[in-house]
Amino acid sequence: MLFISPTESHRGTPGHPSPLPTMADSMDIDDSLYSRQRYVLGDSAMQKMARSAVFLSGIGALGVEIAKNIVLAGVKAVTLHDCKRCEVWDLGTNFFIREEDVVEAVHSRVAELNPYVQVSVSTDVLDENTDLSFLKRYQCVVLTETKLSLQKRIDRFCHSQQPPIKFIGCDVFGICSRVFCDFGEAFEVSDPTGEEPKELFIQNISQENPGVVTCMDSRTHGLQTGQSVCFKEINGMSELNGTTHQVTVLSPYSFAIGDTSSFQPYAHAGIFRLVKMPKTFTFETMEQQLSDPRLLTPDFSKPEAPLQLHTVMLALDAFLEQHARLPNIGCLQDAELLLKCTEEISRTLKNKVSVNQELVRSVSRCARGCLSPLAAVVGGIASQEVLKALTGKFSPLQQWFYLDAIEVIQPLQSLPAEEFAPRGDRYDALRACIGESLCLKLHTFQVFMVGCGAIGCEMLKNMALMGVGLSRCSGEICITDPDLIEKSNLNRQFLFRPQHIRKPKSTTAAAASLEINPELQIDAHLNKVCPATEDMYSDAFFSRLNLVVTALDNVEARRYVDSRSVSNQKALLDSGTMGTKGHTEIIVPYLTESYNSHRDPPEEEIPFCTLKSFPAVIEHTIQWARDKFESAFSHKPSIYNMFWQTHSSAQEVLRRMMAGESMEGSFQVIKLLSRRPTQWEHCLALARLKFDKYFKRKALQLLHSFPLDTRLKDGSLFWQSPKRPPSPIEFDLNDPLSEEERQAISQLQKAISSSSVTPGRLRMTPTFFEKDDDSNGHMDFVASASALRAHMYAIEAADRLQTKRIAGKIIPAIATSTAAVAGLVSLELIKVAGGYGFELFKNCFFNLAIPVMVLTETAQVKRTQIRDDISFSIWDRWTIFGHEDFTLSDFMNAVKEEYGIEPTMVVHGVKMLYVPVMPGHNKRLKLTMHKLIKPSAGRKYVDLTVSFAPEVDGDEDLPSPPVRYYFSRERESGETA
């Protein structure tokens, strides 16, 4: 990994042209690249990053992860420092090293990730004698693979500067890892949580000391005592409008704000909003923190683990300083030396902790190795801390974070030392941790991954480094994704480059993964996984798999893939992110519940009447504008086309209508045809008419039906919060909102209009909403229509960025959380390959913004009791083999004989095959299963739902697991019952 010196760090990368202008040069943010990240960090933080430089030392497994993440994020400049040369070992830990690399740097591949970032390199010696003044040009210094004594020296230097240089030290040794942060004695954070402040409507404000604010409709306010809120749009107690008050929480629905007794009485309406207050964090130096560390606890089932890891990793540092090496793999003598050192260090800590001898010996055996997924997790966490250091956005880590993967190696303790010995190949670092036998299992694994987006790219990188699915071992990774690469993907989906835009994600990701590890066997598809593709992704396909991985962005697809995995009794690894938050769920046959075992509450939909007539917040006007887009430019043209496909002649339609024939949809279609513009001027005229319809006449009509002084039966005003009375808007060419609306509607009307030739006028081109193309006018229409409607109802308008997020249902995303979540899932992949027990699997939820990480046991599978001696879980499946003459009666007798209980009802899908109380069903007992079910040609079996009579009359029927009925004794190739 050959690099240039720090003194040359701003000259640009050798062999490349001078760096492109950074975002900081103009402060314009490239939304086409950074759109998803902007919703996580905000523009102010993005601009601070674009003015900041980072020094990163150590480009090994952890360093390259950090480099990837912060370059993707868009800092101004990064200097990569490393003095080591590439070895074969590095091929299994560093995804930017290739087999042909001898002294070639990884820096050029890092630089390719983002043209806005200047990536430079250094190979200067960095030790106890180095003049550290060169670090003053950086806002953040990150050290990996650095001796503790040097870390302490550099941290002291950074801490002493004015302003302090933010310091981060992090390491991964085999199965254990750490991150340390020191951002100076007074580090101010502008937004500690990153959560979007909610606006809530007020039900009442009492006139007393203290005044009590009550939320409307029993909505929870989510506030904490000491936070501040601001008020607006209050009628009556208007003195509060525009003021900010500290709150004392009284209940989930109410809070006190101080003395309101001298104010006017509250009448109605009003909104409050949380005011984000800056917060100052204090840090100590590493030297000060060593004996009394502030620790984050990720796994509450092991509360003592962080301090134990702190102790053993300090012992590793001491071992490295004393012996100039880490403990040798499987060396018992080194393990005892490390244990003795750990005990000595433990006695120096302010808070005593018992020394975990098993942990120390495990750490000693694995210290020279590396779990690349663990490096990915820690790389994601450390990278987010870098971004916090540069921007003051989100709460920083105070001050140590430790994470171990002890569960990965617990079942391997009794294996002989030869299992972990190096063999001179790219898997030696992994082998040192998990042994040769488990490596071979990974090599032979058959994995099906659905989705090749951000998580998919990270998962492929992790599987490539670990050698999952090698061709020489008959393993394979099958991936599928129907999507093409967009520019906005490049900010997180690091396997893609600008030249890949508009190419398929799956095939491109497969090719990039083969560059990381040419031994992989990857089969890339462009299909969705859904009922329509069940012939391709059949039970026979699933039967060959060892594991299913989902890298999806929607719940519906997850539920379907989960149901297929459970049906075929295959392990499933699921994960997802939203901004800085991430989760993982591990689903293992016969051990855990499945994804479908739990359901999140459904998203709250906006009532139709609210959208149509009574918008109260900006989300309502944006959704209304999006609905108008779909109606005018997609739905109506589609109906128009369908009508004329059925009735190809306008003359024939006219004749039939004149004859009095009723033709569905004809009135709307003819209205569209008669008003269809043929010239640009017609588009302008139509836009002008639409303006009056939506923003003037609708308001006048509503105010005519409900005048401002309308009262309800109880005497209260009709127009009170959350209802807002509309104000008609007069068209004004000088009003920029009117002009925007006119231009957007006209542009889209022109886009869906065809030529004036008669056959062409019977055909329109539906336009489907595309949020990321600024040249198509789609967002122009939605933004301007929403802004006009907001103006009409006196709602504070949203900027284009916020409108795009809401209208496009964009999920905020950032590379740091994606890397962390994929690393956590990949650690569980090793456990699946090893066939580990229930207690060793871990689910995880994290929020890097706060920061918090919570590792928990997976949800244990529940069993349903049918009788005292008969029970089943979601993973069970009963099997009955029939033949051509096998009757329904034979089937029911076979179930009773095989499983000890007689069915009372048999259902196939939505068709009831046998329900005793249904007329004529008893006659079906003599019919063959083949005749009752009528299977399609080639269908070898069906899954039936069977239930049983309750033990006590009046109780509900008892369920059973799915009963798979085979039409003959032949099974699908490779399938197990």
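1. Start with Asp539 and Arg964: both are buried in this predicted model. The two side chains form a salt bridge, with the closest N and O atoms 3.5 Å apart. Asp539 sits in helix 16 (residues 539–543) and Arg964 in strand 32 (residues 963–966), so this contact ties together parts that are 425 residues apart in sequence.

2. Next, have a look at Lys302 and Asp404. Their side chains meet in a salt bridge too, at 3.1 Å from N to O. Here the link runs between distant parts of the chain, 102 residues apart: Lys302 is in the loop between strand 16 (295–296) and helix 8 (305–323), while Asp404 belongs to strand 17 (residues 400–404).

3. Glu287 and Lys152 make another salt bridge through their side chains, 3.7 Å from N to O. Distant parts of the chain are joined here as well, since Glu287 is in helix 7 (residues 286–289) and Lys152 in helix 6 (residues 148–160), 135 residues apart. Lys152 has 19% relative accessibility, and because buried means under 20%, Lys152 counts as buried. Glu287, at 38% relative accessibility, counts as partly exposed.

4. How many salt bridges does a search of the whole structure find? The count is 49. Some charged residues are linked in a network of salt bridges: Asp31, Arg36, Arg38, Asp43, Asp772 and Lys804. As background, side chains of opposite charge can pair when their charged atoms come close.

5. Now for the surface. Which residues form a positive patch there? Lys612, Lys671, Arg675, Lys693, Arg697 and Lys698 do. If you want to find the patch on screen, look for helix 21 (666–675) and helix 22 (680–705), as each of them supplies at least two of the patch residues. Helix 22 gives the most, with 3 residues.

6. Lys671 is found in helix 21. With a relative accessible area of 46%, Lys671 is partly exposed. Patch residues need over 30% relative accessible area, so Lys671 passes that cut-off.

Notes. Residues are numbered from 1 along each chain as its sequence is written. This is a predicted model: local features need pLDDT of at least 70, side-chain atom pairs count only at pLDDT 80 or more; totals for chains, interfaces and linings use all residues. Side-chain values use heavy atoms; hydrogens and water are left out. Patches are made of residues with over 30% relative accessible area and no salt bridge: like charges are joined within 9 Å, nonpolar side chains (Val, Leu, Ile, Met, Phe, Trp, Tyr) within 5 Å. Accessible areas come from the Shrake-Rupley method with a 1.4 Å probe; for residues, only the protein chains shown count as cover. A salt bridge is a side-chain nitrogen of Lys or Arg within 4 Å of a carboxyl oxygen of Asp or Glu. Lys and Arg count as positive and Asp and Glu as negative; His and the chain ends are not counted. The place of a charge is taken as NZ of Lys, CZ of Arg, CG of Asp or CD of Glu. Helices (H or I, at least four residues) and strands (E, at least two) are DSSP runs, numbered from the N terminus. Buried means under 20% relative accessible area, exposed over 50%, partly exposed in between (1.4 Å probe, protein chains only).
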